Amino acid sequence: MWDRFLRACRREPVDVTPVWFMRQAGRYMAEYRALRAKYTLLELCKNPELATQVTLQPVNAHRVDAAILFADILLPLEPMGAPFEFAKGEGPVIHHPVRDRAAVERLRVIDPEEGLGYVLDAIKMIRRELDGKTPLIGFAGAPFTLASYLIEGGKSSNYALTKRMMYNEPETWNLLMSKFSEVVRRYLHAQIKAGANAVQLFDSWVGSLSPTDYEEYILPHVSSILKDLEKTGVPVIHFGTDTATLLELQKRAGGTVIGVDWRTPLDQAINRLGTDVAVQGNLDPLLLGAPRELLGRRVDDILQRATSAAGHIFNLGHGILPDTDPDSVKFVVDRVHSHQKRA
Ligand code: CP3
């Protein structure tokens, strides 16, 4: 069923639960490592033919129910005026972190065609290659998660500089959030126009905030993106990690599918979210390294807990880790597909 994933997003009946994996393309696959030996990550992202090739690798290898565009959430930073690189072993490095009002004012609110046209070209090429057999997910980073990299200058453990701006310079913070919201809103619209069948907003690090701060500093901005995208009728997945206390607020912010990580049992998340949204999740990525017997039981447990959902897309609670055995990924796909749905 080519649209099993889209049907589950729309809370329509499916033959079996659809499954895909965040970071399903990447270093755990030999095919990916072979390309990375020749090109940098940014070169792969910026070349539509290479990005297409990488996007298709896990689709061909594991028969997942959705492809995800090969790109990175940080790509918009460069055309906005904040160039960065992926430094070996330390992740992203933003050359000039943005930490004051003047720097925020200098950031450009770009149209995706200026500076991100290569992503839109990749989407068109991937759709052609997928040939209607597998739907394609586009994506972008959410304002808080993008701001955390831009302000900290890279990855962070406590987001101290980010929160410092948020609490101490609320006007600067709101200007930054508004700029990101508008760029992300335009970018995701452009991805849909180019052919993305669904989009996912990655607010990976938003779980570092209290519900009170989420509601005050984040929700209005995320909501301005998601409520607008919902009008397209294309499924919108709203994802975060460590969000056990934020799920209701995330639902209020928007999205037709809410991502749930492994810290929250899926049946509890479904009870709290209700049946007017679908859920996506929520295997711990490290279980892919557990013995098959345990991994299989945990997959079955998630599917059991998801029976009360109006729509469920099987996924991890966060991305695949680089040392994952590709056979475990294939094992999970087959295990999920082996569960026949009741009518
Ligand atoms: O297969 C897919 O899921 C699509 C491709 C994808 C990438 N990044 C490629 C990538 C997606 C969806 C992302 C999203 C992304 N990027 C997020 C949100 C999701 C999450 O994991 O929380 C974040 C926070 C980033 C920023 C980022 N990109 C970091 C922190 C790093 C370095 C950490 C690491 O894993 O090395 C990256 C690099 C990156 N982006 C890789 C890939 C495949 C690493 C592979 C490489 O170096 O070749």
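**Exercise 1.** Is Arg335 buried, partly exposed or exposed, judged by its relative accessible area?

*Solution.* The model is predicted, so that local features need pLDDT of at least 70 and side-chain atom pairs count only at pLDDT 80 or more, while totals for chains, interfaces and linings use all residues. Residues are numbered from 1 along each chain as its sequence is written, and side-chain values use heavy atoms, with hydrogens and water left out. Buried means under 20% relative accessible area, exposed over 50%, and partly exposed in between (1.4 Å probe, protein chains only). With a relative accessible area of 26%, Arg335 is partly exposed.

**Exercise 2.** Which residue forms a salt bridge with Arg335, and which helices hold the two partners?

*Solution.* A salt bridge is a side-chain nitrogen of Lys or Arg within 4 Å of a carboxyl oxygen of Asp or Glu. The partner of Arg335 is Asp300, and their closest N and O atoms are 2.7 Å apart. Arg335 belongs to helix α15 (residues 326-337) and Asp300 to helix α14 (residues 292-305), so the pair ties together parts that are 35 residues apart in sequence; helices here are DSSP runs (H or I, at least four residues), numbered from the N terminus. Asp300 counts as partly exposed, at 23% relative accessibility.

**Exercise 3.** Where does Asp228 stand in accessibility, buried or exposed, and which residue meets its side chain in a salt bridge?

*Solution.* Asp228 counts as buried at 17% relative accessibility. Its side chain meets that of Lys231 in a salt bridge (3.5 Å, N to O), and Lys231, at 67% relative accessibility, counts as exposed. Both residues also belong to a network of salt bridges that links Asp111, Glu182, Arg185, Arg186, Asp228 and Lys231.

Technical notes
Helices (H or I, at least four residues) and strands (E, at least two) are DSSP runs, numbered from the N terminus.
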